[in-house]
Amino acid sequence: MAKMTLEQLRALRDSKKQELDKREVEGKDIQIIVGMGTCGIAAGAKQTFDGIVAALEKHNLAGRTVVRQTGCMGLCYVEPTVEVIAPDMPNVIYGKITGDLAEELVVKHLVEHTLLENHIYDKPAVDIVKK
Amino acid sequence: MHASAVDFVLDLVQNSVEAGASLIDVEIDESTEGVTLQVSDNGCGMDAAQLARALDPFRSGGAKHPSRKVGLGLPFLKQAAELAGGEFRIESVPGRGTMVRAMFPASSVDSPPLGDVTTLFVTLLGMVGECELVLHRKRASDGLSYTVRKSELAEAAGDLATASGLSLVRQFLASQEEG
């Protein structure tokens, strides 16, 4: 692949815009939050973040999803952690989501509307939650 | 401890964001001598006493987690760079900003692998906040050199908080990295 210019990037965006517009009327109703504290980074959260972005694009969910980063959720022992907030699904914090599991998470939770078993950690540690 | 050199950069940029910086400059330079990482910002800066505390692993800025007893970003980087026989420098002026630089010599077996620069840049660009990010990349082996700005990428690819914007930027950055 030759070095892309900003003009080419803009053109690529425009070429995808039509299919995006179709989805954007529904609004951005899915939020994915990746824990990016020192613990998360050490466990590979960067690869997880990247994997999630790629998987969302692959499964046509990129247009309706906001991907955010946050600090440590207090679950350092099960990093990388990912919180998923989606309509008609419970809010779930998943743990041990390494880069290779990113696509499975997207498929299970957002395409098949089921939970990714053995990775559910429910909510942040007590010292993170505001009393 | 982080597995690759670029992982340290993420911690540094988060520090800059928390310091209220409106401009953050990141440099990843692979020369024949080794890998140099540099992050400078125009955030609130630190005085000498604050600087000493920032390098103490058992201190944290504390704004996010008041009861937390550790802050490992800078101490990890300092330890890793010195362990590898490289350099670690931090300079800060209250009200002006902070500059952190680390060098990992290519000749040392204790230097971590560089890691995936594209993934790092995508993650940095996806960070919350309005501040401008300027990312510089250099690789001596094939003369690769490019600079990208968050504002330019956001203008061309769309909202970088969305997966669609980030995915476009990812393709763009991967093409830069291949040279």
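This is a predicted model: local features need pLDDT of at least 70, side-chain atom pairs count only at pLDDT 80 or more; totals for chains, interfaces and linings use all residues.
Local features are reported only where pLDDT is at least 70, side-chain atom pairs count only at pLDDT 80 or more, and totals for chains, interfaces and linings use all residues. Residues are numbered from 1 along each chain as its sequence is written, chains are lettered from A and ligands numbered from 1 in the order in which they are written, and side-chain values use heavy atoms, with hydrogens and water left out.

Chain A contains four helices and four strands. Helices (H or I, at least four residues) and strands (E, at least two) are DSSP runs, numbered from the N terminus. In that direction the elements of chain A follow the order α-β-α-α-β-β-β-α. Of the 131 residues in chain A, 49% are buried, where buried means under 20% relative accessible area, exposed over 50% and partly exposed in between (1.4 Å probe, protein chains only). Contact means heavy atoms within 4.5 Å. Among contacts in chain A between residues at least 6 apart in sequence, 65% join residues at least 24 apart.

The four strands of chain A form an open sheet in the order β2-β1-β3-β4, with mixed pairing; two strands pair if DSSP finds at least two bridges between them. Strands β2 (65-70) and β4 (92-94) of chain A each have a single partner strand, so one side of each has no neighbour in the sheet. On average, neighbouring strands of this sheet are turned by 20° against each other, direction ignored. Strand β3 (residues 82-85) of chain A runs antiparallel to β4(A), and three bridges join them. Within β4(A), A:Ile93 stands opposite A:Glu83.

Two helices of chain A meet this sheet. Helix α3 (residues 45-58) of chain A lies across β1 (30-35), β2 and β3 of chain A, at about 160° to β1(A). Helix α4 (residues 102-111) of chain A touches β1, β3 and β4 of chain A, and its direction makes about 25° with that of β3(A). Axes are lines fitted to C-alpha atoms, for helices over the stretch in contact, and angles run from 0 to 180 degrees between N-to-C directions.

How does α3(A) pack with helix α6 (residues 163-178) of chain B, and at what angle? The two helices pack at about 105°, with their axes 9 Å apart. The helices α3(A) and α6(B) are therefore roughly perpendicular to each other (angles under 35 degrees count as roughly parallel, over 145 as roughly antiparallel, 65 to 115 as roughly perpendicular and the rest as oblique). On the α3(A) side the contact is made by A:Phe49, A:Asp50, A:Val53, A:Leu56 and A:Glu57, and on the α6(B) side by B:Ala163, B:Ser164, B:Leu166, B:Ser167 and B:Arg170. B:Ser164, in helix α6 of chain B, counts as buried at 8% relative accessibility.

Elsewhere in chain B, strand β1 (residues 23-30) pairs with strand β5 (residues 132-139) in the parallel sense over eight bridges. B:Val26 stands opposite B:Leu135 in β5(B). Strand β2 (residues 34-41) of chain B runs antiparallel to β1(B), with seven bridges joining the two, and a hairpin of three residues connects β1(B) to β2(B). B:Val35 in β2(B) is the bridge partner of B:Glu30.

Helix α3 (residues 73-83) of chain B has several buried residues, among them B:Leu74, B:Phe76 and B:Leu77. The buried residues of α3(B) pack against α2 (38-43) of chain A together with α1 (5-18), α2 (48-54), β3 (87-93) and β4 (97-105) of chain B. Just after α3(B), B:Gly85 has a positive phi of about 75°.
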